[in-house]
Amino acid sequence: MAYRGMKGVPQDDTSYLERHNDNMVGDLANKVSALKNISITIGNDVREQNRLLNEMDTDFDSGRSLLAATMNKLGIVSRAGGSRLQCYLILFALLVFFIIYSLMR
């Protein structure tokens with residue numbers, strides 16, 4: 001198309017150049033289409049990963065609040081029970097650790 005009507009160029013050469021130019025335009029259109037599909041796929045993956053990250057953030061926030069509430073209750077129990085209750089708590093933790101250790105072996 002860009003070569004049509006050039007003076008001094010034989011007709012066979014211009015038709016060859018036009019065909020070659022059309023082939024290159026077709027190849028370029030195919031590559032642009034492939035690039036568009038890849039970018040759409042990347043966009044979908046990014047949206048899915050952002051959704052998963054938001055869910056994970058929500059789960060961590062709920063876990064953090066549960067842990068804070070547990071620590072507050074443990075502080076109240078440790079202040080109220082004195083040293084005797086702390087000994088029971090340490091023995092219970094050691095017992096749980098021993099049971100888990102024996103199950104893992």
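Buried means under 20% relative accessible area, exposed over 50%, and partly exposed anything in between (1.4 Å probe, protein chains only). The views below come from a predicted model, where local features need pLDDT of at least 70, side-chain atom pairs count only at pLDDT 80 or more, and totals for chains, interfaces and linings use all residues. Residues are numbered from 1 along each chain as its sequence is written, and side-chain values use heavy atoms, with hydrogens and water left out.

View 1. Helices here are DSSP runs of H or I with at least four residues, strands are runs of E with at least two, and both are numbered from the N terminus. Of the 105 residues in the protein, 3% are buried.

**View 2. F97 and Y101, the one aromatic pair in the structure.** Their rings are stacked, at 6.4 Å centre to centre with 20° between the planes. For Phe, Tyr and Trp (its six-membered ring), pairing takes centres within 6.5 Å; planes under 30 degrees apart count as stacked, over 60 as edge-to-face, and the rest as tilted. F97 and Y101 are about one helical turn apart because they lie four residues apart in helix α1 (residues 11-104).

**View 3. How open are F97 and Y101?** F97 counts as exposed because its relative accessibility is 57%. Y101, at 45% relative accessible area, is partly exposed.
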